[in-house]
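Dear colleague,

I am handing over the structure below, and after it I set out what was found. Please keep it open while you read.

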Amino acid sequence: MYNQLVALTVLTLILGFTVTGYAQERAKPPLSKGRITGEFFAGVAGGTAAAVIPCYLLIKLFPRAPGTGPAGGPGNLPEMLAVLCLPVGYAIGSAAGVYLVGNTSNETGSFLKPLVATSLVVIGGLAATFLSGQVEFIPVILPVILVGAPAVAVGVFNSTRRYKTDAGNSGSSNTIILG
C-alpha cells in the first residue's frame, strides 16, 4: 500500500510538470507594457542605426568630387546605394530591434513576419511619396514610415509570440524563428 502511494505521488508529480510544460509551450505569454515599449524603441533605434551607419560609411569610403554628377548633383554608385540603404536598412533594423527585445527571457516569436511587415510599410510609404509627385508630401509620410515600421513590427511580432521550448527538447533554443 505504501509503495503504491509513493509511486502514485511520483507519477502525479511527473505528469503535472509534463502537462504544465506542454500547456506553457502552446499558450501565448501575457502582454507586458514595458516589453512592448522596449520593442518599439528598440525598433526605432535599430532601424535608425541600420539605415544611417551604412549610408555614412558608403559616403565616407567613396567620396565624390564636387560637381561630378549630372548637373552637379549626385550621380555615382556609392551615393545611389546610400540613398537606397536608408529604407532597406530601416526596415531590417526595425524588425531586428523588435525581435531582439521580444526574444528575451522565456519568450520568442517570428523574425521573418515582422521583417516582411516593415518592408511593406516602407515600400508603401515610398510608393505613396513618389506616386503623389509632390515634394510637400515627404514631411508628412516620413514620420509615418519612421513610426509605422516599428509599430507594425511590434504588432506582428507579438501576434507570433510563444514560450521558448527547453534546450533539451528542441536541441536549439537560440535559433532565429523565421516562420
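Rings of Phe, Tyr and Trp (for Trp, its six-membered ring) are said to pair if their centres lie within 6.5 Å, and planes under 30 degrees apart count as stacked, over 60 as edge-to-face and the rest as tilted. By this rule there are three aromatic pairs. This is a predicted model, in which local features need pLDDT of at least 70 and side-chain atom pairs count only at pLDDT 80 or more, while totals for chains, interfaces and linings use all residues. Residues are numbered from 1 along each chain as its sequence is written, and side-chain values use heavy atoms, with hydrogens and water left out.

One of the pairs joins F40 and F41 edge-to-face, at 5.4 Å centre to centre and with 75° between the planes. Another edge-to-face pair is that of Y99 and F157, where the centres are 6.1 Å apart and the planes stand at 85°. Helices here are DSSP runs of H or I with at least four residues, numbered from the N terminus. Y99 lies in helix α3 and F157 in helix α5, so this pair ties together parts that are 58 residues apart in sequence. Y99, F111 and F157 form one aromatic cluster.

Y99 is buried at 4%, and F157 is buried at 0%, whereas F41, at 52% relative accessibility, counts as exposed.

Best wishes

Definitions and conventions
Buried means under 20% relative accessible area, exposed over 50%, partly exposed in between (1.4 Å probe, protein chains only). Helices (H or I, at least four residues) and strands (E, at least two) are DSSP runs, numbered from the N terminus.
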